[in-house]
Amino acid sequence: GACFPCPREGCPMMGHHADRFPEKLKRVDQKYFLNTAADEPFATWRQKVFIKLAGVKKTRGDINLVYYDTQGNSKEYEVASGDLTQDDVYTEYLDVEINPKNTTKIEFLWNKAIFSLLWARLGAETVKIIHGADG
């Protein structure tokens with residue numbers, strides 16, 4: 001997605017995501033891209049992540065998920081960054097490079113901002129991940 005400027009609604013995707021960009025289909029010589037992993041087998045699995053926070057009412061920082069698989073591989077993904085509050089549910093689509101069938105653990109990480117209160121604590125009340133054959 002960094003190879004060329006993308007419109008606000010996102011970069012046009014190849015494959016089953018192409019129908020999300022009906023206006024792009026009307027253009028001549030439209031550029032499309034395909035998300036791939038950095039290593040073989042180059043597949044990614046799209047997952048929709050919902051995170052509801054617990055702890056302090058409001059703070060600054062970022063929340064990440066780390067995926068681990070049966071071969072000892074791990075990969076970290078950012079879900080949200082900036083002002084965080086337990087009143088919100090953070091939703092993100094992740095193109096995960098670790099096959100859901102081989103996932104052994106998913107770790108929740110909170111990195112507080114330097115200027116955040118030193119005593120502030122934040123955790124995940126719930127983490128819900130949806131994936132399937134349709135992406």
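Colleague: Which residues of the largest nonpolar core touch the most other members?

Modeller: Keep in mind that this is a predicted model. The largest nonpolar core holds 15 residues. Those touching the most other members are Ile-51, Ile-63, Tyr-67, Leu-84 and Tyr-90.

Colleague: And which element gives the largest share of this core?

Modeller: Two or more residues come from each of β1 (45-55), β2 (58-69), β3 (74-85) and β4 (89-96). The largest share is 4 residues, and the element that gives it is β3.

Colleague: Let's turn to Gln-47. Is Gln-47 buried or exposed?

Modeller: Gln-47 sits in strand β1. Its contacts beyond four places in sequence include Leu-94, Val-96, Pro-100, Ile-129 and Ile-130. The relative accessible area of Gln-47 is 2%, and the cut-off is under 20%, so Gln-47 counts as buried.

Colleague: With which side chain does the side chain of Gln-47 make a polar contact?

Modeller: Among the residues that Gln-47 touches are Glu-92, Tyr-93, His-131 and Tyr-67. The polar contact between side chains has a distance of 2.8 Å, and the partner is Tyr-67.

Colleague: Nice. One more topic, the largest pocket: which residues are the closest to its centre?

Modeller: This pocket has a volume of about 280 Å³. Its lining divides into 6 nonpolar, 5 polar and 5 charged residues. Of the 16 lining residues, the closest to the centre are Glu-40, Asp-69, Asn-73, Glu-97 and Ile-98.

Note on methods
Residues numbered from 1 in each chain as written. Predicted model: local features only at pLDDT ≥ 70, side-chain atom pairs only at ≥ 80, totals over all residues. Heavy atoms only, no water. 1 Å grid on protein atoms, 1.4 Å probe; cavity = no way out; pocket = protein on both sides within 12 Å on 5 of 7 lines; lining within 4 Å. Points joined across faces, edges and corners; volume = space filled by probe spheres on them. Nonpolar A, V, L, I, M, F, W, Y, C, P; charged D, E, K, R; others polar. Core = buried A, V, L, I, M, F, W, Y, C linked by side-chain atoms within 4.5 Å. Buried < 20%, exposed > 50% of the residue type's maximum accessible area, 1.4 Å probe, protein only. Polar contact = N/O pair within 3.5 Å; in protein donor to acceptor, adjacent residues only side chain to side chain. Contact = heavy atoms within 4.5 Å.
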